[in-house]
Amino acid sequence: MLPKIAKLLLPVAVVAVAQAQDLTEEQRAEIEARIAPVGTVCLQGENCGGLPAASQPMAAAAPAAAATSSATNAASDGAMEAAAGEMVAAAAAIDGESIYNQACLACHASGVGGAPVVGDAGSWAPRIAKGIDVLHSSGINGIAGTAMMAKGGRADLSDDQVIAAVNFMVENSQ
């Protein structure tokens with residue numbers, strides 16, 4: 001995930017680069033160096049994937065920018081590792097009960113459409129017997145021929161959120 005300031009600057013950088021086609025090579029190199037902490041730029045019509053440095057359109061005019069870019073990339077790698085750590089921590093902190101209350105309660109509290117009611121061990125027992133992986137898959141992908149839609153009809157939920165909600169329902173239905 002990008003820091004807030006990077007999210008705000010990225011559209012500005014993209015517009016600036018799009019308009020940079022009429023700039024001098026030196027100006028283009030300066031722009032590239034300024035946006036390097038956010039990402040790399042390859043303008044339409046340029047082949048920026050895997051060509052030798054001498055044949056890269058900006059590389060010949062920007063050796064200093066390339067050095068700055070390398071240092072920035074190392075810093076970006078550290079930021080990316082930190083962001084990945086934050087994502088793992090966020091996934092671990094997913095509250096299955098909260099997701100259940102937001103997305104599953106409507107059917108699983110009343111049995112609408114044949115949904116097993118949370119807390120009714122009898123209706124959950126045959127499902128639990130199939131294994132937790134099957135239940136996770138049912139929550140994520142839905143169950144054909146039933147009212148159970150993929151992710152309970154909430155495409156905005158991540159697989160981890162659905163798994164947490166399923167785990168909550170199972171834990172409270174044994």
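Predicted model: local features only at pLDDT ≥ 70, side-chain atom pairs only at ≥ 80, totals over all residues.
Residues are numbered from 1 along each chain as its sequence is written, and side-chain values rest on heavy atoms, with hydrogens and water left out.

The protein chain contains seven helices and zero strands, where helices (H or I, at least four residues) and strands (E, at least two) are DSSP runs numbered from the N terminus. Of the 174 residues, 26% are buried; buried stands for under 20% relative accessible area, exposed for over 50% and partly exposed for in between (1.4 Å probe, protein chains only). The chain exposes about 10,800 Å², with carbon and sulfur atoms supplying 61% of it; these areas come from the Shrake-Rupley method with a 1.4 Å probe, and for residues only the protein chains shown count as cover. Contacts are heavy atoms within 4.5 Å, and among those between residues at least 6 apart in sequence, 50% join residues at least 24 apart.

On the H4 side the contact includes Ile99, Tyr100 and Cys104, which meet H7 residues including Ala164, Ala165 and Phe168.

Two salt bridges turn up in the whole structure, each defined by a side-chain nitrogen of Lys or Arg within 4 Å of a carboxyl oxygen of Asp or Glu. In one of them, Lys151 pairs with Asp159, the closest N and O atoms being 3.0 Å apart. Lys151 is buried at 18% relative accessible area, whereas Asp159 is partly exposed at 37%. Lys151 sits in the loop between H6 (132–141) and H7 (159–171) and, although not a glycine, has a positive phi of about 55°. Arg154 and Asp156 also form a salt bridge, with closest N and O atoms 2.8 Å apart; Arg154 is partly exposed at 24% and Asp156 exposed at 55%.

Gly113, in the loop between H4 (96–108) and H5 (121–129), is exposed at 54% relative accessible area. The C-alpha atoms of Gly113 and Ala147 are separated by 5.4 Å, with the two residues 34 residues apart along the chain.
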